[in-house]
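The entries below follow the order in which I checked things.

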Amino acid sequence: MGRKLLLKNDHIPGIQGYDVYRQHGGYASVEKALKSMTPEAVVEEVKKSGLRGRGGAGFPTGMKWSFLAKPAGVPRYLVCNADESEPGTFKDRYLMSRIPHLLIEGMITSSFALGANTSYIYVRGEYFYITRILEKAIAEAYANGWLGKNILGTGYSLDLYVQVGGGAYICGEETALLESLEGKRGNPRIKPPFPAVKGVWDCPTVVNNVETIAAVVPIVNDGGEAYASIGIGKSTGTKLISASGHINKPGVYEIEMGITVEEFIYSEEYCGGIRNGRELKAVVAGGSSVPILPKNLILKTAAGEPRLMSYESLADGGFVTGTMMGSGGFIAMDDTTSIVKNLYTFTRFYHHESCGQCSPCREGTGWMEKVLHKILDGHGTLKDVDLLWDIQKNIEGKTICPLGEAAAWPVAAAIRHFRSEFEEFVKNPTRIKDVKHYYRLNNLPEPVI
Amino acid sequence: MNTGQQHQDIKFNDDSLELVKKMISRYPEGKQKSALLPVLHLAQAEFDGWLSVPVMDYVASLLNIKPIEVYEVASFYTMFNLKPVGKCLIEVCRTSSCWLMGAEDIVRHIEKKLGIKDGETTKDGMFTLKTVECLGSCGTAPMLMCGAQFHENLTTEKVDTLLANLKTEGKRKTYLDDVTIDNY
Ligand SMILES: Cc1cc2nc3c(=O)[nH]c(=O)nc-3n(C[C@H](O)[C@H](O)[C@H](O)COP(=O)(O)O)c2cc1C
Ligand code: SF4
Ligand code: FES
């Protein structure tokens, strides 16, 4: 069994409530940090831990924290990104509903490290019920003296609030999230200035993912070095993986960085293999934005090495033969899956979620959706496949925020690795029939290609 | 912006006004606009599941901001309805993981059962069907959301039971409802 840091207690009955959470060592990191450490010392431990942001970009958290501007007399804020909307990702929801006090504890310890006296947790609107769970946990934390004025008699004060979104994937992008927190449309800001200098209400702000903040708890409890001793290379610690698709055991798994992808997919401890005795066809390893890889390339790198669940190994080969860890949304597809149709669901998603500020993203995502729709409707030509390639290429690098790229990469990867499947549909439109009525609930179809 | 139907006599009750005050107190002095999204959710839940122009104007007056600041936000976020919807808004996820697990069959089944297409409302005003993007429930696909409640690992039989129960109950579902948590 792999070591667990975040989900080690998640199956204890009553762990949602304060008393049980506290009995199992809860809030020890707050006690330790506030009573025996300086804020700088906490930042130092986080640096030593090698923790990287779990929201998707993988930026070193300690470094991000040390960039926070500290002008005198200006408040600083910590904002937790619980917007979780990247298709294939549901780990933050699991963590917040299962063990909400872990996030609250992490928020207090992290806010102390950053010198923030007011912090927010921004939760996606569709998780409205989770705001209730968090608010209950926060009320319990206030009642037991972990929040409010002069916490543990140390002179440190913190207020923590939950903010709810309105259903917009783009609000997961940190500057869009801050706009939304200010009660505006979620249009990403042009950077610089970065939030660390000018964030919410123009004050220095750190935005971190739910899982990142939760990881601060074991880091402070056991020390940064202990955390860094788990994992492999620059992928330290554990990672929550949301596993979905055609596997026997979908769910949220905490893995030690560095286990093989093969173990993750096929072992009973994790996904338990592919459903219905089918063959694996492809995997989207880190949420909808990362390149899809065919079976051979997800299990082994181009050099024939086993591929590992780590930032470096998943990215081995760049975009030609590799992919990315992203948010850890692991979607497995069996041999009945149409890659073209799956791509269509992604492209439709990005078109729907584009905020519309930049023309390459606003127009490009819609155009790609239309071309894919045309192909799936049986009217595609070989030229359309090249057109898709051109459109995605012209989005990349030309937009305000990375949503444009997030929309372009899946298209590029699907064509790169599964071009023959696009061509098959274009040349034999009747094959589309199999896809249209593909994957009936109780009636498994034959492999698509 | 909406269908001409409008609300009359718009005013929150005292409990809700108290809640609005509490929401505003979460932000620094003068930043009460930050309460806009939570207040819009509250307004939508109280005023029949949608935001008419008078409702949005009322919200603007509560937060002391211009009506346009409310319209531009309400029209940006997909959870705010600018037209009337049925008592039960059935939001079915159609993105990758749910599609892989048969979301299209679920949508088709609901369309047939209710005699409406995606985006339409039943004649009795009970149900509106809407396909939506990933709701963070991909491991328990296919899924749909009605009010605040997630319904997961759907089968056509489960959908039938759900629709029948909702109809018998006959109540409007809102995002602010209490939920039962089965999976998590
Ligand atoms: C389009 C888009 C959507 C994003 N969605 C999320 C999200 O839902 N949750 C999240 O934590 N980060 C998301 N991010 C990444 C954030 O911008 C930001 O990098 C992250 O919250 C930083 O926290 P971390 O360093 O702890 O990962 C998104 C980024 C983009 C460009
Ligand atoms: S890339 Fe797309 S989502 Fe991002 S700012 Fe531009 S239009 Fe908006
Ligand atoms: S894809 Fe349907 S909930 Fe994520």
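**Salt bridges**

The rule asks for a side-chain nitrogen of Lys or Arg within 4 Å of a carboxyl oxygen of Asp or Glu. I noted that this is a predicted model, in which local features need pLDDT of at least 70, side-chain atom pairs count only at pLDDT 80 or more, and totals for chains, interfaces and linings use all residues. I also noted that residues are numbered from 1 along each chain as its sequence is written, that chains are lettered from A and ligands numbered from 1 in the order in which they are written, and that side-chain values use heavy atoms, with hydrogens and water left out.

I took Asp178(B) and Arg132(A) to begin with; their side chains form a salt bridge at 2.9 Å, N to O. This pair crosses between chains: Asp178(B) sits in the segment after α7 (156-169) of chain B, and Arg132(A) sits in helix α7 (residues 128-143) of chain A. Helices here are DSSP runs of H or I with at least four residues, strands are runs of E with at least two, and both are numbered from the N terminus. Are the two partners buried or exposed? Asp178(B) counts as exposed because its relative accessibility is 68%. Arg132(A) counts as partly exposed because its value is 31%. The cut-offs are under 20% relative accessible area for buried, over 50% for exposed, and partly exposed in between (1.4 Å probe, protein chains only).

I then looked up Arg26(B), which forms a salt bridge with Glu135(A) at 3.6 Å, N to O. That pair also runs between chains, from the loop between α1 (14-24) and α2 (36-46) of chain B, where Arg26(B) lies, to helix α7 of chain A, where Glu135(A) lies. Arg26(B) has a relative accessible area of 14%, so I wrote it down as buried. Glu135(A), at 32%, is partly exposed.

Arg108(B) and Glu104(B) form a salt bridge, with their closest N and O atoms 3.7 Å apart. Both lie in helix α6 (residues 103-114) of chain B, four residues apart, which is about one turn of the helix. Arg108(B) is partly exposed at 32%, and Glu104(B) is partly exposed at 24%.

I found one network in which salt bridges share partners: it joins Arg54(A), Lys91(A), Asp92(A), Glu211(A) and Lys239(A).

**Chain B against chain A**

How many residues of each chain are in contact? I read 53 residues of chain B against 66 residues of chain A, where contact means heavy atoms within 4.5 Å. The size of an interface is often given as the accessible area lost when the parts come together. For chain B and chain A the buried area is about 4,800 Å², with 59% of it on carbon and sulfur atoms. Buried area is the accessible area (1.4 Å probe) that two parts lose on being put together, summed over both.

I counted four salt bridges between chain B and chain A. I also noted 25 residue pairs in polar contact between them, both residues at pLDDT 80 or more. A polar contact is a pair of N or O atoms within 3.5 Å; within protein, one must be able to donate a hydrogen and the other to accept it, and residues adjacent in sequence count only if both atoms are side-chain atoms.

On the side of chain B that touches chain A, the elements giving two or more residues are α2, α4 (67-74), α5 (96-100) and α6 of chain B. By class, that side has 26 nonpolar, 15 polar and twelve charged residues. Ala, Val, Leu, Ile, Met, Phe, Trp, Tyr, Cys and Pro count as nonpolar, Asp, Glu, Lys and Arg as charged, and the others, Gly among them, as polar.

**Domains of chain A**

I looked up the domains, whose bounds come from an automatic or database domain assignment. Chain A has domain 1 (18-229), domain 2 (241-334) and domain 3 (339-441). The C-alpha centres of domain 2 and domain 3 of chain A are 22 Å apart. Their contact takes 20 residues from domain 2 and 16 residues from domain 3 of chain A.

The area buried between domain 2 and domain 3 of chain A is about 1,400 Å², of which carbon and sulfur atoms give 65%. Ser288(A), Ile292(A) and Phe319(A) supply 36% of what domain 2 of chain A buries there, more than any other three residues.

I found one salt bridge across this interface of domain 2 and domain 3 of chain A. Lys281(A) and Glu421(A) form a salt bridge, with the closest N and O atoms 2.9 Å apart.
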